[in-house]
Amino acid sequence: MNRSRTARAARSAGPGERPALPVQRSRRDAPPAGVGWWQPPKAKAGSPDDSARHRVPDATEVLPGSLAPGGRRGPASRRSRRRMQLTPAQRSARRRRRLLHAALGGAATVVLAPVLAFVAGYLLFTVPSPDDAVNNQVALVSFADGTPLTRLVPEEGNRIKVSIEQVPVHVRHAVLAAEDRTFYSNPGFDLTGILRAAWNQLRGGVGGGSTITQQFVKKALVGAEQTLWRKYKEVVLAVKISQERSKDEILADYLNTIYFGRGAYGIQSAAQAYFGKNVQDLTVSEGALLAGVIQSPSRWDPAVSPERAVERWNFVLDGMTSQGWLDAGTRATLGFPPTSGTRSFSRGVPADSSGHIVTAVTAELADLGISDQALAQDGLRITTTIDPRRQEHAVAAVHETLAGQPVNLRSSMVAIDPATGGVRAYYGGENGVGLDYAQVRRLAGSTFKPFVVLAGLLQDPPVGLGEVFDGTEVPGLRNADGAECERCDLKQAMTMSNNVVFHSLARQVGPEAVAAAARAAGITAPLEDPTAGIALGNKEVSAFELASAYATLAAGGVWHQPHFVASVVTADGSVLYEAAVEGERRFPERVARNVTESMLEVAAHDGLALPGAQPVAAKTGTVQSRFEGENNDAWIAGFTPTLATSVWMGTDMNSPIRTARGAPVEGAGLPGEVWQLFMTDALAGEPVQQFAPFRPIGEAPSTAPPNAPTTAPTPVPPATAAPDANDPDAPPAPNAPPDPNAPPGGAAPSPGSPVPGAPGGPEQGPPPPDGGAPAGGPGEVAPTPTPQPGGDGADGAPRLFGGDPEPTPRQDCSVTPCG
């Protein structure tokens, strides 16, 4: 049988071709007798092919790859032999067939893949409702830990639903002319626009080409991200909605959903917000204006940009005319309609104390360039810096302290992280949609004294904490009870809040230097035309900026922008904004540490020390009323290395503040209680933080109590009453060239000595015994008395209205605008 197979193989070979090799026996076949299964069968005599197949080749003989040792005989070798047997024409035909098959497969993929994707999306995606459209546009605000704080827009929005029959035909045509002129004829999407948008996105641009149906879908479900995935979902849902709803139903849903600006969702709310009327009463001109603002309310609102509003209004009317929806003659007679003024909408701002946080967040977002339109439409996720635990402690501290106190007392508190500038707790009052007292500027009192020390340390040569001053009272400038010191350095004067010492230092370094130091720390109030009274706080600041300035001291002279917003993320997860943590060096760390050193004993001196021996730098302050023995404002501000907090207390009417027992409120009193309670709770459970090591600038401060004997040089006693620093007859400031018109003896004092000068606050001479006009230059005007800054006694408030009857001070235009 083997011989017959070999013969057939030989006969099948063509002329000139080598005969096929004989078929080998399978190893599984029964082996010939005497031959193991692992041995090849012996060649039979007379078979040249077999002998050639099984003979041992010569060393110089080249074998075919299939017969070489380790060679393989399998499908690859058979394909190779078949290719060798094909003619060139057959090979070319085979390549053409393969290319044709690949082209057909690619075409099928291109055609079938979108169809399959469309079918899958049609089955999976749910048709949205108009309520979904409003809800998914809402911006969510959360605490720092991600727990929800509020929604910026109520769930139903500022929206009043109307039927399509209530919307005049000319208003519907105006909207179609502005947004989708082929609405009633297109299948729900614009293929040309989609392809153009896809091409733009592939080139790195933005999309476009949305029909009214697609816009409704985008607002209802998809979000505003510019991606091909969004366009895919828009198209699928637009087709599905077009199949399930009529065109009028889709248009009605769109008109009840779209945002028109001014807090208005839907055409009815827009008609009321812009024109104070119902939608059925809108004229052609008014309808065209509303249709024009749909695309960008923040840009085309007439109250924002009248020129753009008119341009867009003309575009809509021209579109109506070109579509045959408006007669050209009527078009020529139309005029631009007047609108009502913009209105403020709370948009979900809580009515309790957290409402002030939300208001501050929205104001900050506006400063960052995030428009009201983006807040209303883009479904932003806003994370704040507010720590919910510390916020709860802040509110609780105010409530607990003011419980049972007079109802006219108002308070505010701000706590800032010195390392980042992030606001960790914020209390601006109980009425979240009312006045935010944390942003209201009031006279600062003695809380400004640290900035006087800062200004002295920044001088050349610097005024160190060990400089000794005469702190005895002078006519017109008093100290609080217990704040007298004949000889005291700056740290001692800060601890007891001696007014004379800091007033003298302010005159020595110059009021402008004090104002510049305060600005460097973070005070943003104008502080215009300062006098030496700035040392006693005769300038207005807010609790917010005072906390920020003290946080700069806590951070070693590095200022961080105080902020509420930690991050803003869009609906598709893209980070739109993230707060920077880098600060700005405003003054050297050693200088900041010296200022901190001057304040370290204030809290303990006033009975406000923190538990656990936590080091804390603080300063109280009180503003005296124009009524003898009364106070109008009371402050405290202080910081640890990780938290800076300020507290203010006063009234709406800037009237005297008293406790339930009738005692004047002092900075170390009720405000101090709020501050101490909050700081204790806020820092509970955290390790005690130490300030950086103290390296004194200039002479180190004394560790002895005030008025104790020292080795310091005897200070020069202050003058009794000198003219104002801005008075041309005043003695020159230190290091200033002498005034030729100055009276004899007006030489500048040495550093560390008090500069002769007038009292702080509104500059004036001492009250005369008969209660007449205050001493001063000729021609001075004596208007109605105003509140005086400085303190209330416990923290060093000067009693500028001593004597009987009450003197009439000269008006200070830096506090209350003159005229």
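Strand β4 (residues 410–416) and strand β16 (residues 644–650) run antiparallel and are joined by 7 bridges; strands here are DSSP runs of E of at least two residues, numbered from the N terminus, and two strands pair if DSSP finds at least two bridges between them. The model is predicted, so that local features need pLDDT of at least 70 and side-chain atom pairs count only at pLDDT 80 or more, whereas totals for chains, interfaces and linings use all residues. Residues are numbered from 1 along each chain as its sequence is written, and side-chain values use heavy atoms, with hydrogens and water left out.

A hairpin is formed by β4 and β5, with 6 residues between them, and G421 in its turn has a positive phi of about 85°. Strand β4 is largely enclosed by the rest of the structure, because 6 of its 7 residues are buried (under 20% relative accessible area, with a 1.4 Å probe and protein chains only).

Residue W648 also makes a side-chain polar contact of 3.0 Å with D633, a polar contact being a pair of N or O atoms within 3.5 Å, of which, within protein, one must be able to donate a hydrogen and the other to accept it; residues adjacent in sequence count only if both atoms are side-chain atoms. The side chain of D633 has a further polar contact, of 3.4 Å, with that of R442. Residue D633 lies in strand β15 (residues 631–639) and is buried, with a relative accessible area of 2%.

How values were computed
Helix = DSSP H or I, 4+ residues; strand = E, 2+ residues; numbered from the N terminus. Buried < 20%, exposed > 50% of the residue type's maximum accessible area, 1.4 Å probe, protein only.
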